[in-house]
Amino acid sequence: LYTVDLSDPTAPAVRGELKITGYSAYLHPLDDGRLIGVGQEADEQGRLLGTQVSVFDVSDLDDPRRVAQHHVEYGHSQAEFDPHAFLWWAPEGLVVLPLVSFEGDAGALLLRLAADGGRADVTLTEVGTIAHPVDPDRWYPNEISRSLVIGDVLWTVSEAGLAAHQLATLQELAWLPY
């Protein structure tokens, strides 16, 4: 991760650099000098190990830091290549992204981001997962591709239909097949 000073647009300057294993294919800015990154964790030889969600603090351009990370072994997310698949719901500090595991499970992963003050006081905690019903006539799972919040309801969308869950408890409220 590189931080670039653009205060003079005619002379951009690299100010900081952070080396980590893996990569973030999608970066989402937060309003407090932090970024959420979605990508893949890797070992020192570059072998991919699964989905990683990272929180970076870039408030000090000279000293960028990863302040939180969540790793899902052998997973991959559509949010890595489609920014519309990623949901940041700031009022709840909630990250929602589609996730498919090596075992073929598909759903949406929900993580809560909490910041308690200083640069390093950040946590990224798994809240739960949501999956759509499995169609026995299909050989592949119903991958969730989008999520959105309306009022206090989290909606998820897949090729099979829409599901509504209570945002606070993740209790299923409705399933609307296509």
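Me: To begin, is Leu 170 buried or exposed?

Reply: Leu 170 counts as buried because its relative accessibility is 17%; buried means under 20% relative accessible area, exposed over 50%, and partly exposed in between, with a 1.4 Å probe and protein chains only. Please note that this is a predicted model, in which local features need pLDDT of at least 70, side-chain atom pairs count only at pLDDT 80 or more, and totals for chains, interfaces and linings use all residues. Residues are numbered from 1 along each chain as its sequence is written, and side-chain values use heavy atoms, with hydrogens and water left out.

Me: Where does Leu 170 lie?

Reply: Leu 170 is in the loop between strand S13 (161-166) and strand S14 (172-177). Strands (E, at least two residues) are DSSP runs, numbered from the N terminus.

Me: And in what sense do S13 and S14 pair?

Reply: They pair in the antiparallel sense, over 5 bridges; two strands pair if DSSP finds at least two bridges between them. Gly 161 stands opposite Pro 177 in S14. The hairpin has 5 residues between the strands, and there Leu 170 takes a positive phi near 65°.

Me: What is the phi of Tyr 74, then?

Reply: Tyr 74 has a positive phi of about 60°, although it is not a glycine. Tyr 74 is placed in the loop between strand S6 (65-73) and strand S7 (87-89), and counts as partly exposed at 46% relative accessibility.

Me: Changing topic, is Leu 6 buried or exposed?

Reply: Leu 6 counts as exposed, at 58% relative accessibility.

Key:
Helices (H or I, at least four residues) and strands (E, at least two) are DSSP runs, numbered from the N terminus.
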